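Here's a walk through one structure, from a helix and its cap to the cores, the ligand and a few single residues. Have the model open while you read.

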Amino acid sequence: MKGDFYVIGAGPGGAGAAWAASKEGYKVVVFESSNKLASKPCGRGIPLTGDLPVKIPRDVVYHKIRRAVMYVNGKFLFEYERMFDGYIVDKAALLEALIVESGSELVTRAKYEPRRRQVKTPSSVMDFNKATGQPQGVFAGGHAYYEGEKILAIQYIARGASGIDEASLEIYFDTHILGYYYVFPGEPSKVEIGVGGFAGFETLKRGLDAFIKKDPRFRGATLERLEGARIAVGGLRLGDINGFYLVGEAAGFVLPLTGEGIRPSIISGYEAARAIANGENVARRLESAKISRAVRIQRAILERVKKMDPGEREKLLSMLPREAHAEIALGTLNINRIARSLVDKPQVAARLLSLIV
Ligand SMILES: Cc1cc2nc3c(=O)[nH]c(=O)nc-3n(C[C@H](O)[C@H](O)[C@H](O)COP(=O)(O)OP(=O)(O)OC[C@H]3O[C@@H](n4cnc5c(N)ncnc54)[C@H](O)[C@@H]3O)c2cc1C
């Protein structure tokens with residue numbers, strides 16, 4: 001045994017760290033303030049891009065995703081087959097599998113209070129001030145601790161919708177809010193209908209209600225609940241809280257254009273724990289991870305697109321070839337490959353490069 005390793009927060013960031021630290025031989029304790037896992041709203045989609053350092057157990061997969069269908073401002077853009085393979089998962093079961101199967105101890109209703117450097121449970125207090133030396137670990141408390149730009153995303157959980165393809169993700173870009181509406185298959189017989197973007201709650205809710213009303217597939221559906229949360233879209237903010245390295249959304253590990261945070265958070269937790277175990281500089285290791293490059297590219301594009309008007313944004317989305325869309329969205333963008341595939345469309349290639357560089 002290498003010693004104790006503490007993880008604050010049992011979301012994807014914390015689970016990735018717990019998994020890696022356990023494999024490295026630490027005695028891992030995960031403190032989770034909530035009484036259950038995955039209580040934060042989430043679409044639970046994970047693309048299969050080959051960079052996830054942990055295995056997703058089959059029994060936590062609700063749906064296998066085979067395609068994505070894209071629209072912009074109500075107009076059909078295109079459909080991807082195979083480029084967007086992924087899963088919709090039972091997130092609580094996935095987190096539990098990663099934490100518990102790795103041998104980590106999970107303590108729920110255990111809130112870390114940064115100012116006091118204490119973890120409080122209903123029956124005990126653990127005081128890190130009394131520890132000898134700096135305790136090792138990561139802080140994965142999520143968006144509430146992120147200090148950069150955030151947007152709001154809200155979603156209805158609906159039951160009884162008809163004609164939903166459970167192997168598809170549907171994305172409807174709305175260039176006015178610089179965001180998108182989505183329809184994701186959810187828990188069996190349920191569907192998640194949501195929207196995220198640069199707008200306040202009232203605007204998003206009004207838009208989402210209108211979106212649902214327009215679509216005949218949702219006519220007989222029951223909207224069971226509306227839920228929402230902020231998403232960190234401002235790019236990486238590496239650092240620590242009381243010596244616990246920030247990972248996951250607390251450190252900005254979310255792809256800013258898509259809001260995808262499960263995969264980046266798991267990877268960041270995993271990489272941070274590996275770096276700690278090997279005595280490496282944690283920030284440097286996180287900065288050089290492939291997923292960090294993807295966050296930086298998407299953030300650079302977001303900053304440029306924010307300065308455009310809705311019409312220009314629509315033009316841009318419509319001119320980009322499918323492959324470039326998919327690679328930007330998934331964070332797998334290979335500039336040389338895209339440039340080669342656009343050799344007969346130099347203007348599109350130049351436009352794309354101008355967004356990134
Ligand atoms: C509506 C919506 C839809 C989304 N859909 C998707 C999607 O389909 N795919 C995707 O990849 N991403 C999606 N995301 C983003 C994704 O949910 C997050 O980026 C991801 O869960 C972040 O993981 P995390 O571990 O950093 O933080 P979180 O998942 O927020 O986990 C943090 C955990 O820490 C706990 N905690 C907080 N403070 C303390 C404390 N002081 N002490 C102890 N515990 C604490 C919290 O209770 C929580 O369990 C969506 C987000 C929203 C809002």
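## A capped helix

Aspartate 90 sits at the N-terminal end of α2 as its cap, with a side-chain oxygen 3.4 Å from the backbone nitrogen of alanine 92. Before going on: this is a predicted model, where local features need pLDDT of at least 70 and side-chain atom pairs count only at pLDDT 80 or more, while totals for chains, interfaces and linings use all residues. Numbering runs from 1 along each chain as its sequence is written, and side-chain values use heavy atoms, leaving out hydrogens and water.

Helices (H or I, at least four residues) and strands (E, at least two) are DSSP runs, numbered from the N terminus. Helix α2 covers residues 91–101, and its buried residues are Lys91, Leu94, Leu95, Ala97, Leu98 and Ile99. Buried means under 20% relative accessible area, exposed over 50%, and partly exposed in between, with a 1.4 Å probe and protein chains only. What do those buried residues pack against? Their partners are α1, β2 (27–31), β3 (45–47), β5 (75–89), β6 (105–107) and α4, where contact means heavy atoms within 4.5 Å. Just after α2, glycine 103 takes a positive phi of about 95°.

## Two cores

A nonpolar core here is a set of buried Ala, Val, Leu, Ile, Met, Phe, Trp, Tyr and Cys residues joined through side-chain atoms within 4.5 Å. The largest one has 56 residues, and the members touching the most others are Phe5, Val7, Val28, Phe31, Ile56, Tyr112 and Val138. Helix α4 (residues 262–277) is the top contributor to this core, with nine residues. There's also a second, separate core of 25 residues, with Val233, Ile297, Ala324 and Leu333 among them.

Take Phe31 as an example: leaving out residues up to four places away in sequence, its contacts include Tyr6, Val7, Ile8, Val107, Met126 and Phe128.

## Around the ligand

The ligand has 37 residues around it, and Gly13, Glu32, Gly43, Glu249 and Ile262 come nearest; a residue counts as near if one of its heavy atoms lies within 4 Å. By class, that shell splits into 17 nonpolar, 13 polar and seven charged residues. For the backbone, a nitrogen atom of the ligand is 2.7 Å from a polar backbone atom of glycine 43. A ligand oxygen lies 3.0 Å from a backbone N or O atom of glycine 261, and for isoleucine 262 the distance from such a backbone atom to a ligand oxygen is 2.8 Å. On its own the ligand exposes 1000 Å², and the protein buries 93% of that (Shrake-Rupley method, 1.4 Å probe).

## Polar side chains under cover

Serine 168 belongs to strand β12 (residues 168–174) and counts as buried because its relative accessibility is 4%. Glutamate 227, in strand β15, is buried too, with a relative accessible area of 15%. Both make side-chain polar contacts, meaning pairs of N or O atoms within 3.5 Å; within protein, one must be able to donate a hydrogen and the other to accept it, and residues adjacent in sequence count only if both atoms are side-chain atoms.

| Side chain | Partner side chain | Distance |
|---|---|---|
| Serine 168 | Arginine 67 | 3.2 Å |
| Serine 168 | Aspartate 165 | 2.9 Å |
| Glutamate 227 | Glutamine 155 | 2.7 Å |
| Glutamate 227 | Arginine 225 | 2.9 Å |

Beyond four places in sequence, serine 168 touches Ile65, Arg67, Val183 and Pro185.

Definitions and conventions
Ala, Val, Leu, Ile, Met, Phe, Trp, Tyr, Cys and Pro count as nonpolar, Asp, Glu, Lys and Arg as charged, and the others, Gly among them, as polar.
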